[in-house]
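Please take me through the strands of this structure, one selection at a time. I have it open in a viewer and want to know what to select next and what is there.

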Amino acid sequence: MLQKILVGMVLLTVPAFGENLLDGLKQEHPRILFDATHQAERMKLLETDPFLQELYGRVKKDAETLLEQDDTVKYEIVGPRLLAQSRLCLRRILTLATMYRTTREVAYKERAMRELRAAAAFPNWNPSHFLDTAEMTAAFAIGYDWMYDALSQEEKTLLETAIYEKGLLPGLAVYRRGTWWTTSEFNWNQVCNGGMTMGILAIADTLEGEKRENATFMLEKAIASIPRAMASFAPDGAWAEGPGYWSYTLKYTIFMIQSLECAIGQDFGISQSEGFAHCGDAQLAVAGATGYSFNFADAGSGVISDSAFFWLADRFQNPMYAEYLRGHLAGKDASCAFWYYTPLRMNLDDAKKDFYFRGVEIATMRTSWNDPNGWYVGFKAGDNDVNHSHLELGMFVLEKDGVRWAVDLGADNYNLPKYFGTLRWTYYRLSTRGQNTLLVDNENQNPKAVAPITDFESTQTKCRVVADLTAAYAGQLDFARRTITLDRERSEVEIFDEMGPSQAKEILWQIHTFATITLSDDKKTATLKQGKKQRTVEILEPANGQFEVRPTTPSEAENPNTGVSRLVIPLSGTNTPQTFRVRFR
């Protein structure tokens, strides 16, 4: 049964439970992420599919490397987190358990058990930072379920006890209290609910009495909680926390959906959440021509590469996702990619090139999917008050010739003092100083501002996007509007800013770049050079505008931004509207 609840302005569909969820639990193993039928299909495809064979080779190589290593996970808290160790355990168990399931070679199981015994001996899985507990529970659920037929009774009891006492019992306390992540709209919700669900479904048939009741209660709470975060994919599939957290969120969303479907036979509508069928579009769109991420918010700039694309391609029959991943798959995700892989194919240049995602308010444009030397622009408006956001409304990144010329510096060290607290906007990379947008009197944008994209036009020859940034500069500028246009025929990009009257001493147009910058004699043209590649940036407006190069030096504790320069155009505020018009060619 399903029921409707209103959360904020979003009407959510959540299960209304009238029976014991665990009564229909599949008894046989595996039942976490996949079952015996799926495994048989996978092994049959492995016989004939060269790409799947390549994937499997990566998993095998990683597993063989682990067989030669003596170290195991350790109880090491860094800042408030055990998370690095939880993730290491999960990554190793995925690799080793995959090789055990596909070969039945006991050496892989024994090596996996060394990791699990080490983590089972930890005093706890750091429930004060519950992501750590959730990810460790997921690792144990996979190890227990995938290697079940090779485990001794002593090993089964060890893992069952660890899952229940170090994973589920701390989770039970959270669900009873209604701790914040159970109502969160972002990644903690999916990760924590996903990890708890996997632990429950792995060992539920061994639980009796009060333990069984606790597991049922927790599973009901998890399934009822996750629609709150899934609503953040509406309406078009984008994820406001940035591409790194899209990846993290999808990992555990898929873990939860797959485990529920394999173990119980349904996902209770999770995969039908509004926008979810298009979330692959949003992540593909933020992959630059080089594959590198349009890394807004607390995101890194690494290549967009995630096994979730194979799962999404198969679930929603969209070959675009699978085709992209074939060319960009990183080895770190090989185990999940092996299980999710689909042979769907297409020519990527038949796919649309420009995207606008409502709600998150980002837009991207490119000249080609298959040419890494083509133009790519990512443009962000949206909400400064979103989890993991930076004060970066109006920010853009720009690529051409396989080089990122305008870069987003991304996150800094999460362990910096009050990084998620009162000092957040003092750090260079998070403040407006560190963004490719307008900077007024060296002051931050309004941290509560929302900036909508007001116009999006995409044709075969051109893409044009307009964002109203007025709210971001409340008290600084009477109005602000940024237009970015990619002209595919002329092979150029134009940034056009319109600003209302201001008493500001200095209004800066700025970008950050790793390029060496050379200014023309009149300082109206800048030549950017990286290696043998170079681009020209021209000031078209204002008539008296001139480029300057300024440093990007933060405080001593922060990332030093080595090799990064700021190319700026300074103006003084006036009692009349002003403009910046800058062309990249």
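Predicted model: local features only at pLDDT ≥ 70, side-chain atom pairs only at ≥ 80, totals over all residues.

**Stop 1: the open sheet.** Select β3, β4, β5, β7 and β8. These five strands form an open sheet in the order β3-β4-β5-β7-β8, with antiparallel pairing. Colour residues 355-357 (β3) and 403-406 (β8): these strands stand at the edges, and each has a single partner strand, so one side of each is left without a neighbour in the sheet. From one strand to the next, the twist averages 15°.

Stop 2: Show the side chain of F357; the residue standing opposite in β4 is I362. In a regular strand, side chains alternate between the two faces of the sheet.

Stop 3: Select residues 525-530 for β17 and residues 533-541 for β18. Six bridges join these antiparallel strands. Pick K529 and look across to β18, where its bridge partner is Q534. Now move to the turn: two residues lie between the strands of this hairpin, and G531 in the turn has a positive phi of about 60°.

Stop 4: Which strand pairs with β18 over four bridges? Select residues 578-584: this is β21, and its pairing with β18 is antiparallel. To find one of the contacts, centre on V537, whose bridge partner in β21 is F584.

Terms used. Residues numbered from 1 in each chain as written. Heavy atoms only, no water. Pairing = 2+ DSSP bridges. Axes fitted to C-alpha atoms, helices over the stretch in contact; angles between N-to-C directions.
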